[in-house]
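Please keep the viewer open as you read.

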2 protein chains.
Amino acid sequence: MANNAAPLEKLIEEFAKFPGIGRKGATRMAYQVLSMSDEDAQSLAQAIQDAHTRLHRCPVCQNFTEQEICPICAGAKRDKSVICVVEKPRDVQAFERTREYHGMYHVLHGLISPMDGVGAEQLSVKELLARLKDGTVQEVIMAMNPTVEGEATAMYLAKLIKPLGIRTTRLAYGLPVGSSLEYTDETTLYRALAGRDEL
Amino acid sequence: MANNAAPLEKLIEEFAKFPGIGRKGATRMAYQVLSMSDEDAQSLAQAIQDAHTRLHRCPVCQNFTEQEICPICAGAKRDKSVICVVEKPRDVQAFERTREYHGMYHVLHGLISPMDGVGAEQLSVKELLARLKDGTVQEVIMAMNPTVEGEATAMYLAKLIKPLGIRTTRLAYGLPVGSSLEYTDETTLYRALAGRDEL
């Protein structure tokens, strides 16, 4: 809308750049900013700048951190022989919430997707391979989403890692806990059947 | 999650304050900020500050503006004898989009809602009444949402304005254009019937 004041229009455009936020949502957010107190708006702007200046990628696992090396990579109690490779930082959080995984992580910051022009060189694959050189790591777990891009990335990495004599595994496919057989799609059901376990 | 770095956690909290944005959406947005280039993050923070410092309420209609008096209030071609009273700035935009209304506006910045502790003194009612003193205004249109709060606010304002000898109207209730009779709720249908027009 041309009749918005320029600073308002600019702010709407900025908010509309976020994934999942359309023009309408961005407009609501922009007006919310206008109705904030001066301190609140200042605090929001500051939080954005702080996140950007104070956080950087951990040189080991590539997750975002405020410290020189992230708390997980620096953790004395973590099992350094296993690396769980994930697409994005939020996936690390998901694993940490299970409280059952005590190994290391590696964040790729994306998945290989030729359709979107994302190749291995845009991901932190080089950094992952560098971590496998000193013989500490005995297993690399591929923990990407069960999608076409996730599968392709896992396959690609496995081809690079297996020749190094390191065990390469991936997450199990199967029924989600609490789900209903009746509403499970065929592929998942087939995978659950193929991967059945001894009781 | 306690295991988020402090600046990230702070940013998530800031985003989660927006209406309609939950913890998950805020987390997505925060990570989006982290993956922005430095200039983009700077530009977003700047837009927030600019909107706040460069926009203020028009002293006449109370809408947000960059100028001393907003373009609508300053417009030579606008009909100064009619004021359309709305809840929020976005409602002004909605009317402007019709291109059929050429009068003035007054933005209340809220509706009377005793449940939420919002009384007339928190709204720009005083400023509205001040505009009615010099005899220019001949009609005040109540254009609040057709809700309990909207109705209550319209009634309250009408009580204050009518004694001044100024015509007080409100938007018509009826069927939304393009809607289906079959799926229209009873109240709307009743209102449409009661307000039927000569063909």
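1. A term to start with: a polar contact is a pair of N or O atoms within 3.5 Å; within protein, one must be able to donate a hydrogen and the other to accept it, and residues adjacent in sequence count only if both atoms are side-chain atoms. The side chains of A:Glu139 and A:Arg167 make such a polar contact, at 3.4 Å.

2. This is a predicted model, where local features need pLDDT of at least 70, side-chain atom pairs count only at pLDDT 80 or more, and totals for chains, interfaces and linings use all residues. Residues are numbered from 1 along each chain as its sequence is written, chains are lettered from A and ligands numbered from 1 in the order in which they are written, and side-chain values use heavy atoms, with hydrogens and water left out.

3. The average pLDDT (the predictor's confidence in each residue, from 0 to 100) is 89 for chain A, and 97% of the residues score at least 70. For the complex, the predictor gives an ipTM of 0.71 and a pTM of 0.71.

4. Back to A:Glu139, which belongs to strand S5, residues 139-142 of chain A. Strands (E, at least two residues) and helices (H or I, at least four) are DSSP runs, numbered from the N terminus. Is A:Glu139 buried or exposed? A:Glu139 counts as buried because its relative accessibility is 16%; buried means under 20% relative accessible area, exposed over 50%, partly exposed in between (1.4 Å probe, protein chains only).

5. Now look at A:Arg99, in the loop between helix H5 (89-98) and strand S4 (103-107) of chain A. A:Arg99 is not a glycine, yet has a positive phi of about 60°.
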